[in-house]
Amino acid sequence: YETMRVHLVETSPRLSAIQKETLAEHAGRLAWHDSFDDVPDGFLLLVANELFDAIPIRQFVRTPQGFRERVVSLDANGDLVFS
């Protein structure tokens with residue numbers, strides 16, 4: 001952790017501001033860039049938000065009857081919906 005430097009590429013000023021607020025305790029180790037062209041040369045470990053979108057997870061929601069698993073399914077029109 002002591003030698004870690006994280007470079008985030010975020011094109012949205014609004015999302016960049018939210019990230020800076022959320023990660024404020026690590027501010028000295030983080031740098032934001034508008035483009036991959038601005039990221040310094042060196043070792044690169046790239047993690048994109050699409051990676052997390054593709055990782056299967058199990059999600060549970062609290063209902064009046066207790067916790068229930070939320071899944072994605074298809075409705076009668078073939079559209080994706082939470083069930």
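Me: How are helices and strands defined here, and where is Ile 57 found?
Reply: Helices (H or I, at least four residues) and strands (E, at least two) are DSSP runs, numbered from the N terminus. This is a predicted model, in which local features need pLDDT of at least 70, side-chain atom pairs count only at pLDDT 80 or more, and totals for chains, interfaces and linings use all residues. Residues are numbered from 1 along each chain as its sequence is written, and side-chain values use heavy atoms, with hydrogens and water left out. Ile 57 is found in the loop between α2 (49–54) and β3 (59–63).

Me: Is Ile 57 buried or exposed?
Reply: Buried means under 20% relative accessible area, exposed over 50%, and partly exposed in between (1.4 Å probe, protein chains only). The relative accessible area of Ile 57 is 65%, so Ile 57 is exposed.

Me: Which residue of β4 is the bridge partner of Val 61?
Reply: Two strands pair if DSSP finds at least two bridges between them. β3 and β4 (residues 66–70) pair in the antiparallel sense over five bridges, and a hairpin of two residues joins them. In β4, the bridge partner of Val 61 is Arg 68.

Me: How many residues apart in sequence are the parts that Arg 29 and Glu 2 tie together?
Reply: A salt bridge is a side-chain nitrogen of Lys or Arg within 4 Å of a carboxyl oxygen of Asp or Glu. Arg 29 and Glu 2 meet in such a bridge (3.2 Å, N to O). Because Arg 29 lies in the loop between α1 and β2 and Glu 2 in the segment before β1, the parts tied together are apart in sequence by 27 residues.
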